[in-house]
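Welcome, and take a moment to turn the model around before reading on. We will go from the overall fold to its pockets, and then to a few residues worth a visit.

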Amino acid sequence: MARELLGKILARRWRGVWLSGRIVEVESYVGADDLACHAAKGRTARTETLYGPPGRAYVYLIYGMYQMMNVVTERSDFPAAVLIRALEPLNGLEQMRRFRRPATDRNLTNGPGKLTRALRIDRQLNREDLTTSARLSIWDDGQVLADREIMVGPRIGIDYARHCVHYPWRYYVRGNPYVSRK
């Protein structure tokens with residue numbers, strides 16, 4: 001599912017304006033055996049959304065300051081999600097610039113905490129149905145990425161996850177300037 005999300009559009013309706021960007025980087029987190037997945041520590045009130053149904057937003061806070069947005073991907077009761085790591089901004093750039101105040105537009109949405117701030121995605125959108133919501137959704141505008149355009153590698157920032165550190169579950173668009181790390 002992670003690879004399939006590349007090229008889709010993440011859209012957030014905020015105060016009557018659509019803020020959106022094309023998904024250019026993602027990471028998968030799959031099951032309780034994946035030590036980088038929140039499910040590795042068990043089912044809790046915080047992780048309940050991760051357990052399905054699929055197509056929901058799983059939004060949580062890390063380090064007490066960054067909102068992270070994931071797409072729940074598997075059947076109910078099997079915890080798996082795809083973290084949206086970076087977007088190429090499309091609509092609502094003026095609003096995004098006000099929310100983020102980056103030095104350059106390239107830095108608006110080139111990281112998971114940056115993109116949620118730019119699109120005003122927070123925990124109030126946790127459990128939002130991304131297939132039917134009028135506030136937060138994923139759109140398919142028909143863009144298709146060729147296999148040669150997609151890079152695959154290990155996830156970022158999960159050094160604590162022992163044997164799961166090297167899983168090749170990060171996908172990103174080759175050469176896209178909005179990818180968080182090459």
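Of the 182 residues of the protein, what percentage count as buried? The answer is 51%, where buried means under 20% relative accessible area, exposed means over 50%, and partly exposed covers what lies in between, using a 1.4 Å probe and protein chains only.

Before going further, a word on where these values come from. This is a predicted model, in which local features need pLDDT of at least 70 and side-chain atom pairs count only at pLDDT 80 or more, while totals for chains, interfaces and linings use all residues. Residues are numbered from 1 along each chain as its sequence is written, and side-chain values use heavy atoms, with hydrogens and water left out.

Let us begin with the overall plan. The protein has three helices and eight strands; these are DSSP runs numbered from the N terminus, with helices being H or I of at least four residues and strands being E of at least two. Read from the N terminus on, the elements follow the order α-β-β-β-β-β-α-α-β-β-β. The radius of gyration is 15 Å, close to the 16 Å that the globule rule gives for 182 residues, so the protein is as compact as a globular protein of that length. Here the radius is taken over C-alpha atoms, and the rule is 2.2 Å times the number of residues to the power 0.38. Along the principal axes, the C-alpha atoms fill a box of roughly 40 × 35 × 35 Å. Among contacts (heavy atoms within 4.5 Å) between residues at least 6 apart in sequence, 59% join residues at least 24 apart.

Six of its seven residues are buried, leaving strand 4 mostly covered. On one side, strand 4 pairs with strand 3 in the antiparallel sense over six bridges; two strands pair if DSSP finds at least two bridges between them. Within this pairing, Ala-57 stands opposite Val-71. The two strands form a hairpin with three residues between them, and Tyr-63 in the turn has a positive phi of about 55°. Strand 4 is also joined to strand 5 by three bridges, and these two run antiparallel. In that pair, Val-72 stands opposite Ala-81.

Now for the pockets. On a 1 Å grid over the protein atoms alone, a cavity is a set of points where a 1.4 Å probe fits but cannot get out, whereas a pocket is an open set with protein on both sides within 12 Å along at least five of seven lines; lining residues have an atom within 4 Å of a point. Grid points are joined across faces, edges and corners, and a volume is the space filled by probe spheres set on the points.

The largest pocket has a volume of about 800 Å³. It is lined by 34 residues, with His-38, Tyr-60, Ile-62, Tyr-63 and Tyr-160 nearest its centre. Strand 3 gives the largest share of this lining, four residues. By type, the lining holds 19 nonpolar, nine polar and six charged residues. In this count, Ala, Val, Leu, Ile, Met, Phe, Trp, Tyr, Cys and Pro are nonpolar, Asp, Glu, Lys and Arg are charged, and the others, Gly among them, are polar.

The second largest pocket holds about 160 Å³ of space. Its lining includes Met-1, Pro-54, Val-71, Val-72 and Ile-138. The elements that give two or more residues to this lining are helix 1 (2-5) and strand 4.

Val-173 counts as buried because its relative accessibility is 11%. Leaving aside neighbours within four places in sequence, Val-173 is in contact with Leu-6, Val-24, Leu-145, Glu-149 and Val-179.

Finally, some backbone details. Most residues other than glycine have a negative phi, and most peptide bonds are trans. A cis peptide bond joins Gly-52 and Pro-53, with omega of about 5°, and Pro-53 lies in the loop between strand 2 and strand 3. Asp-77, in the loop between strand 4 and strand 5, has a positive phi of about 75° although it is not a glycine. Arg-101 also has a positive phi, of about 50°, and is found in the loop between helix 2 (93-100) and helix 3.
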